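Dear colleague,

Please find the structure below, handed over for your records. My notes on its nonpolar cores and salt bridges follow.

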Amino acid sequence: MYNKSETEQKIAEFLLQIKAIKLQPNNPFTWASGWKSPIYCDNRITLSYPSIRTYIRQKLSEAIQEEFGSVGAIAGVATAGIPQGALVAQELGLPFIYVRSKPKDHGTQSLIEGEINEGQRVVVIEDLISTGKSSIQAVNALKEAGYDVVGLVAIFSYNLDIATENFKEAKCRFTTLSNYNALLTYAVEHNLFPKSDLDLLEQWRKDPSGWGENFEPKQA
């Protein structure tokens with residue numbers, strides 16, 4: 001049976017263990033958006049670890065069944081959601097399609113690759129949710145193509161308020177295997193960074209776009 005709390009902590013442990021997630025509150029990363037961030041997540045790394053890859057595949061599949069019941073197909077979001085989605089589709093014995101970030105510029109100019117019947121209940125797979133913008137673009141593309149998108153499941157979420165607002169506006173349910181809050185809980189319990197850094201990490205989630213200006217990292 002799917003245990004959400006247990007899964008959140010185990011995924012946090014795995015992602016930190018293989019450095020798919022890095023926490024650097026005093027030496028922040030810069031995202032493509034220009035935001036300064038104390039965290040960086042690259043879940044593609046999980047694909048290189050068979051036992052972790054298997055655990056994620058199983059838990060994504062269990063989360064789908066727990067949250068959305070019976071579904072007819074799985075859709076992955078390019079690019080990192082494609083391998084995860086294909087693994088889940090294999091686990092559940094379902095058809096798989098994926099959504100490009102933009103239509104290809106030759107041939108059929110397809111935005112959605114693969115074939116499933118219109119009207120089928122589809123769950124979308126993502127690796128990571130930050131603001132949710134790219135995920136919702138994929139969801140909307142599937143809806144416009146005639147598919148019944150019942151929701152989205154991702155490996156990890158930064159717990160940003162803007163993502164919750166964006167998914168609500170898009171009328172799309174979503175759930176994740178783990179999240180920023182669960183990650184901080186695990187990191188504090190296992191002494192992975194000084195508790196004095198916790199305030200910096202918590203402030204970033206509350207104001208990610210202004211954190212770099214308002215919460216300057218202290219000198220190491």
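Which residues of the largest nonpolar core touch the most other members? They are F156 and Y158, in a core of 44 residues. A nonpolar core here is a set of buried Ala, Val, Leu, Ile, Met, Phe, Trp, Tyr and Cys residues joined through side-chain atoms within 4.5 Å; buried means under 20% relative accessible area, exposed over 50%, and partly exposed in between (1.4 Å probe, protein chains only).

Please note that this is a predicted model, in which local features need pLDDT of at least 70 and side-chain atom pairs count only at pLDDT 80 or more, while totals for chains, interfaces and linings use all residues. Residues are numbered from 1 along each chain as its sequence is written, and side-chain values use heavy atoms, with hydrogens and water left out.

Helices (H or I, at least four residues) and strands (E, at least two) are DSSP runs, numbered from the N terminus. A second, separate core has 23 residues, including V99, I136, V149 and L152.

There are 8 salt bridges, each a side-chain nitrogen of Lys or Arg within 4 Å of a carboxyl oxygen of Asp or Glu. Among them, E62 pairs with K59 at 3.1 Å between the closest N and O atoms. K59 counts as buried because its relative accessibility is 12%, whereas E62 is partly exposed at 26%.

E67 and R173 also form a salt bridge (3.5 Å, N to O). This pair links distant parts of the chain, 106 residues apart: E67 lies in helix α2, and R173 in the loop between α5 (161-169) and β10 (174-179).

With kind regards
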